[in-house]
Amino acid sequence: MKMKWLHAGRKLLCGAGNPNLKNPFRAHVRGLKICLLGAKGTVGQPVSLMVKQSQWFEEVALYDQSSCRGLAIELNHIDTPCLVTSYEGEEGLKQALKGSNVVVNMTRSSLKPVTDKGDPFIDNAPATEQLSKFCAMHCPQAFHLVVTNPVNSMVPVTCEIYKKVNGCVDPARIFGFTTVNVLRASTFVADITQTPPETIKVPVIGGNTENTIVPILSKTEPCLNLSTEEKVRVTRAIQSAGQEAFKALEGKPSGLSTAYGITRMVENMAKAIFGEQGITECAYVMSNLIPDLRYFSSPVMLGPTGIQKILPLPELTNYESCLLQTAVETLKKDIQKGESYALS
Ligand SMILES: NC(=O)c1ccc[n+]([C@@H]2O[C@H](COP(=O)([O-])OP(=O)(O)OC[C@H]3O[C@@H](n4cnc5c(N)ncnc54)[C@H](O)[C@@H]3O)[C@@H](O)[C@H]2O)c1
Ligand SMILES: O=C(O)C[C@H](O)C(=O)O
């Protein structure tokens, strides 16, 4: 009988769709709310699991066009303090976003099979447009991380929608996710130099597609002596890693390493919100670092209200300058595509 009651009580405490049901024993968790859009997907599910284990979030709000109720119930069986809630429909989306400090857009809206890559922009722009409208209305102050590809165009879509809805956008709070390229860069450099990957830091600038990803291997920390041949080999490996994994995963993106990178990014956002100083991450943001581009990925310093500082471009080698030139030409078109879509 007691077990039954406990089970029923536990069911209620799962709080799927009911954010008011909070366990007072969870109160010691840092009080931030994160909302995960597209939580049911290949990327969304491992992110939900990893964020459930984070000490920085009090509530993890799951939203997807397909119900996340079961996912929330299951995750709440994990005995970490934060509460996972799930929301459905338009009213649910508003509730999911309300009070969120961090929002992650990881949606992919194609009805086509995942193996048919098609044009991810055409597939994904409508959902990003619709969800950004809700974010602009219900949590304009949240740190908004755009994971949905093509990031090069989806960040401009997101920013333009905020401008349309609110008349302005805070460029310090909208981030395009590129961390997975940085993870790959550290790992590949470590492999070639036989060093521990977690000690290697490589700035990766530009954008998030093969010919816009520009690793700055000349500024690797600690300073490493790679031959020209090694630099070219590692650069190509970093640029093509997403597509290689996509093929090997038979038409699915790298869900797990992406989830790891997203968790690192949102935890760093949380630390910055709580006042930790000196946190830098690479992200694709509104920037005037490159005169011809309105958006660019580079190391940025985080603060309690978003990007505190976009770090200056380091001095590049001739090889890196050539890569950057190619990236700039593609980025101009990608940015234009996103802005025109949002303004049409
Ligand atoms: N930036 C990066 O480095 C990076 C890396 C990997 C994946 N991605 C991108 O992340 C996205 C997600 O990839 P995935 O493999 O998890 O896709 P997926 O198809 O497995 O999952 C996407 C989820 O989004 C949901 N969704 C679609 N439209 C929605 C809407 N309007 N509202 C709410 N939910 C909606 C779907 O129901 C689905 O559960 C893709 O755009 C992918 O390209 C980016
Ligand atoms: O989703 C993709 O196209 C690949 C993704 O950006 C990745 O780098 O793994």
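This is a predicted model: local features need pLDDT of at least 70, side-chain atom pairs count only at pLDDT 80 or more; totals for chains, interfaces and linings use all residues.
Residues are numbered from 1 along each chain as its sequence is written, chains are lettered from A and ligands numbered from 1 in the order in which they are written, and side-chain values use heavy atoms, with hydrogens and water left out.

**View 1. Ligand 1 and what surrounds it.** Ligand 1 has 25 residues around it, and the closest are Thr42, Val43, Asp64, Arg108 and Val147; a residue is near when one of its heavy atoms lies within 4 Å. Look for the oxygen atoms of the ligand: one is 2.8 Å from a polar backbone atom of valine 43, and one is 3.5 Å from a polar backbone atom of glycine 41. On its own, ligand 1 has 870 Å² of accessible area, and the protein covers 89% of that (Shrake-Rupley method, 1.4 Å probe). Helix H5 (120–138) gives the most to the shell, with four residues. Helices (H or I, at least four residues) and strands (E, at least two) are DSSP runs, numbered from the N terminus.

**View 2. Two residues from the annotated binding site.** UniProt, in an unreviewed entry, places a "binding site" feature at several positions, including Lys40, Asp64, Asn124 and Val147. UniProt positions follow the numbering used here, feature names are shortened, and annotations may be inferred rather than shown by experiment. Lysine 40 sits in the loop between E1 and helix H2 (44–52), and counts as partly exposed because its relative accessibility is 32%. Buried means under 20% relative accessible area, exposed over 50%, and partly exposed in between (1.4 Å probe, protein chains only). Beyond its neighbours within four places in sequence, lysine 40 is in contact (heavy atoms within 4.5 Å) with Gln45, Asp64, Ser66, Ser67, Cys68 and Leu71. Valine 147 is in the loop between strand E5 (143–146) and H6. At 11% relative accessibility, valine 147 counts as buried. Leaving aside neighbours within four places in sequence, its contacts include Val104, Phe177 and Ile262.

**View 3. The largest nonpolar core.** Here are 43 residues, of which Leu37, Leu97, Val103 and Val155 touch the most other members. Strand E1 (32–37), helix H4 (89–97) and helix H10 (318–343) are among the elements that give two or more residues to this core. A nonpolar core is a set of buried Ala, Val, Leu, Ile, Met, Phe, Trp, Tyr and Cys residues joined through side-chain atoms within 4.5 Å. Another core, of 40 residues, lies apart from the largest one, and Phe143, Met265, Val285 and Val300 are among its members.

**View 4. Helix H2 and its cover.** Gly44, Pro46, Val47, Ser48, Val51 and Lys52 are the buried residues of H2. What covers them includes E1, E2, helix H3 (69–75), strand E3 (83–87) and helix H9 (255–273).

**View 5. Serine 298 in strand E10.** You'll find serine 298 in strand E10, and this residue is buried, with a relative accessible area of 0%. Among its contacts, leaving aside neighbours within four places in sequence, are Ile205, Glu281 and Ile310.

Definitions and conventions: A polar contact is a pair of N or O atoms within 3.5 Å; within protein, one must be able to donate a hydrogen and the other to accept it, and residues adjacent in sequence count only if both atoms are side-chain atoms.
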